[in-house]
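Open the model in your viewer and keep the selection panel handy. This tour goes stop by stop, telling you what to pick next and what you will find there.

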Amino acid sequence: NYYDIISMSYLFLSCTEEFINPYYRIKSTIEQSFIKLNELNLNLEQDRIDLKITQNQLEFEEVKERWTQTLQKYDFAVGQVFGLRAMLPVMAESFVNFILFILAKPEIKSNDRLYQTTLRQPIDIRVQSLHLNCNGFSSNVDYTTEECKKFHTLMNERNDLLHGNVNINKQAFGNVYFDKKMPIFDEYEDFWEKSIGVSIRTMNIQSIHGEYEVVKNFINYILSKLNENIKEQIEHLLETSRLGFNEETKRVGILFSPYLVDMRGFTK
């Protein structure tokens, strides 16, 4: 049965290669990054108030130490968010490629040139043609749905981020005018706004959890287009870190339990 994906026959003479599930690895890395970000307990308003109180009540060296600690915390947060913003679209793309690897029609799988050409298509083409290139889909993926449109926006923003594209509309954080050599600002901001506030606004730290939801909704939408029995098997594979691939049968399966047990013998 073509759709019998999960169960792997254990033939003594059949060689099966173990491999790391790239989707699972990316997803796990993202989850760990969110844990690290949440551990910072960022509270923008409270942190800002605390620093103002610090400036008014403590000595210079103590003020300097508090500012240094807070700056380091938010610098670390910006780094985590930068990494997450880069990886989230990769997680979605690795999911699409995983679907193609598992469910691609035999005539595509057996022709390496055709298969590689399919993988190199722009992501929107890959998604919209999944039902054409793969078995197991009950209907086509409608790229005009909110799930797909929001994902596509996320992908475009990721490309700007990774390529270092200059986009004044997105990266600007204020206007300044000059009367000869004297700067005149639209509004005069405090130290928080001039330092930490700029990082928060330009990296948009507060939206990162929403972007994770965009990716998860996109993945769930595509899964909803699969036949129910295929969907269950794919979900099982997606949540498994180590898989097996039989080159002879071109089948993927789960070989072992995810739990490892080690023991040693001893003598009295």
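## Stop 1

Select Arg85 and Glu211: their side chains meet in a salt bridge, 2.9 Å from N to O. A salt bridge here is a side-chain nitrogen of Lys or Arg within 4 Å of a carboxyl oxygen of Asp or Glu. This pair links distant parts of the chain, with Arg85 in helix 3 and Glu211 in helix 12, 126 residues apart. Arg85 counts as buried at 9% relative accessibility, and Glu211 counts as buried at 10%. Buried means under 20% relative accessible area, exposed means over 50%, and partly exposed is in between (1.4 Å probe, protein chains only).

Before moving on, a word on what you are viewing: this is a predicted model, in which local features need pLDDT of at least 70 and side-chain atom pairs count only at pLDDT 80 or more, while totals for chains, interfaces and linings use all residues. Residues are numbered from 1 along each chain as its sequence is written, and side-chain values use heavy atoms, with hydrogens and water left out.

## Stop 1: the two helices themselves

Now select residues 60-103, which are helix 3, and residues 208-223, which are helix 12. Helices (H or I, at least four residues) and strands (E, at least two) are DSSP runs, numbered from the N terminus. How do the axes of helix 3 and helix 12 cross? They come within 10 Å and cross at roughly 0 degrees, so the two helices are roughly parallel to each other. The axes are lines fitted to C-alpha atoms, for helices over the stretch in contact, and angles run from 0 to 180 degrees between N-to-C directions. Angles under 35 degrees count as roughly parallel, over 145 as roughly antiparallel, 65 to 115 as roughly perpendicular, and the rest as oblique.

Show the side chains where the helices meet. On helix 3, pick Val81, Leu84, Arg85, Leu88, Met91, Ala92, Phe95 and Val96. They meet Ile208, Glu211, Tyr212, Val215, Phe218, Ile219, Ile222 and Leu223 in helix 12. Contact means heavy atoms within 4.5 Å.

## Stop 2: further along helix 3

Stay on helix 3 and select Leu100. Is Leu100 buried or exposed? At 2% relative accessibility, Leu100 counts as buried. Leaving out residues up to four places away in sequence, Leu100 touches Tyr115, Thr118, Leu119, Arg126, Leu130, Asn133 and Cys134. One of these, Tyr115, is 15 residues from Leu100 in sequence and 8.8 Å away in space, C-alpha to C-alpha.

## Stop 3

The C-alpha atoms of Ser138 and Asn227 are separated by 5.4 Å, although the two residues are 89 apart along the chain.

Then jump to Asn41, in the loop between helix 1 and helix 2 (44-57). Asn41 is not a glycine, yet it has a positive phi of about 50 degrees. Asn41 is exposed, with a relative accessible area of 60%.

## Stop 4: bridges within a helix

Select Lys27 and Glu31, whose side chains form a salt bridge of 2.7 Å, N to O. Being 4 residues apart in helix 1 (residues 22-39), they are separated by about one helical turn. Lys27 counts as buried at 16% relative accessibility, whereas Glu31 is partly exposed at 32%.

For another pair, select Lys149 and Glu146, with a salt bridge of 3.3 Å, N to O. They are 3 residues apart in helix 8 (residues 146-163), which again puts about one helical turn between them. Lys149 is partly exposed at 42%, and Glu146 is partly exposed at 45%. A search of the whole structure finds 6 salt bridges.

## Last stop: the whole chain

Finally, zoom out. The chain has 13 helices and 5 strands, and buried residues make up 35% of its 268 residues.
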